[in-house]
Amino acid sequence: MASLQVSGMAVSGSSSSCCSHKSLVRASINGPKIRIGPLSLPRLSSKDFIEELSIRSGGYGIPITTQMEKGTGPMTSSSDPVVVAKLYAIMEAVADRIEMHKNIGEQRDNWNHLLLSSIHAMTLTAATMCGLAAASASGEPLAGLKVSSTILYLAATGVLAIMIKIQPSQLAEEQRNAARLFKQLHGQIQTLLSVGSPTVCDVNEATENVLALDKAYPLPLLGAMLERYPSSVEPAVWWPQQGRKQAKGLGKKIEGNGWNRELEDEMREIVGVLKRKDKADYLRLSEKALKAHKVLAFSGPLLTSLGALGSAFVGATNPWAVILGVAGGALASVVNAVEHGGQVGMIFEMYRSNAGFFKLMEESIESNINETNVWGRENGQVYEMKVALQLGRSLSDLRILAASSSLRNIEEDTEEEFGSKLF
């Protein structure tokens, strides 16, 4: 309870002029005293914090590595602003590449449709003119139809030669893959900036990933375009190539960071399945698609050239000229519809990219299990879940697959299933 004491007031002055008042107020407030003691805050463990960051970053392509894990010194609470600025600059470059590959992919897909429609129109028109020239009795219409048919056949042959060289459907598939992979890299950098402590190593790794994608999926057509008809089929590679680590300490006890001996053995079995079944199957399909691609690609210009040759000799005594001119155009239309309308080049590129996906999974798993320091790996539990999701399986299904693969090594006659259920 507060008490207020007021003392004295003096008044002096004249009644005819003015009065002045002077007052003096003295106040004093008395209340209970409050004692503030020291606050008790929970102590945070740096090890638990590191494990939390490792768990959160385990599902992404760029692992988070703190300074304490690297052994370079105590962990700081804030990242280097220069490193953060560099990562944001890389993110801007990646976002620009996403838009470029997306726009160019749509443009080259339009090329495929427009050029195929033009070739169909020229080929069918040339075959029709060749037939009309053969049925014409007059000499002047015969000459005009013959020349027009020959010109259209030659024009179709030239356009087909350009399409064979650049393969617009395959170009469009490459740009779609590049846009998807750049989006994935953009998301990984965002996650690193959100929950991680980026270092100079992360900047170098992100830069290498950007350059590897630029090399795997070039934008220009001349000089840097990928080989359309390779002599041998290899999986697509869009990540930086590093020297493989040799497996060490196979007899040691592996514990920590979510890893144990059973999980390592499970991952090794998964790698074996991917090598024997999934990657091998897509390489086999790629070889078949490449053979069909070569046959169809070179058959189209050959048939239009034969049509041009037949239309040039229409009206002569040889009836095979008319058959060659008309039938050549009809067969060329069918072949071009299968080759470019069916986008056989795109199918070949898709199979090659799928094989590259399984090769990337193999290298990622081997890189983790060959790392002797378990704290330098991705978190084992999160990594197992990531592998299962990438293969379209649950955790229990993934373990059953590894167990069946181990059983097949004992019993050779056991049928082995594919690792992926997605494609």
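Does H3 pass H6 in a left-handed or a right-handed crossing, and which is it here? The crossing of H3 past H6 is left-handed. This is a predicted model.

**The H3/H6 pair**

Two packed helices are described by the angle between their axes and the distance between the axes. Helix H3 covers residues 81-135 and helix H6 residues 200-216. They pack at an angle of about 15 degrees, and their axes are 9 Å apart. Angles under 35 degrees count as roughly parallel, so H3 and H6 are roughly parallel to each other.

On the H3 side, the contact is made by Val 83, Lys 86, Leu 87, Ile 90, Val 94 and Arg 97. H6 contributes Val 200, Asp 202, Val 203, Ala 206, Thr 207, Val 210 and Asp 214. By class, this contact has eight nonpolar, one polar and four charged residues.

**Nonpolar cores**

In soluble globular proteins, nonpolar side chains tend to be buried together. The largest nonpolar core here has 25 residues. Those with the most contacts inside it are Met 267, Ile 270, Ile 365, Val 387, Leu 391 and Leu 398.

H7 gives the most, with ten residues.

Take Met 267. Leaving aside neighbours within four places in sequence, Met 267 is in contact with Trp 259, Ile 365, Ile 369, Tyr 383, Glu 384, Val 387 and Leu 398.

Another core, of 22 residues, lies apart from the largest one. Among its members are Val 94, Leu 213, Tyr 217 and Trp 238. Val 94 also belongs to the H3 side of the contact with H6.

Key:
Residues are numbered from 1 along each chain as its sequence is written. This is a predicted model: local features need pLDDT of at least 70, side-chain atom pairs count only at pLDDT 80 or more; totals for chains, interfaces and linings use all residues. Side-chain values use heavy atoms; hydrogens and water are left out. Axes are lines fitted to C-alpha atoms, for helices over the stretch in contact, and angles run from 0 to 180 degrees between N-to-C directions. Helices (H or I, at least four residues) and strands (E, at least two) are DSSP runs, numbered from the N terminus. Angles under 35 degrees count as roughly parallel, over 145 as roughly antiparallel, 65 to 115 as roughly perpendicular and the rest as oblique. A crossing is left-handed if the near helix is turned anticlockwise from the far one by less than a right angle, and right-handed if clockwise. Contact means heavy atoms within 4.5 Å. Ala, Val, Leu, Ile, Met, Phe, Trp, Tyr, Cys and Pro count as nonpolar, Asp, Glu, Lys and Arg as charged, and the others, Gly among them, as polar. A nonpolar core is a set of buried Ala, Val, Leu, Ile, Met, Phe, Trp, Tyr and Cys residues joined through side-chain atoms within 4.5 Å. Buried means under 20% relative accessible area, exposed over 50%, partly exposed in between (1.4 Å probe, protein chains only).
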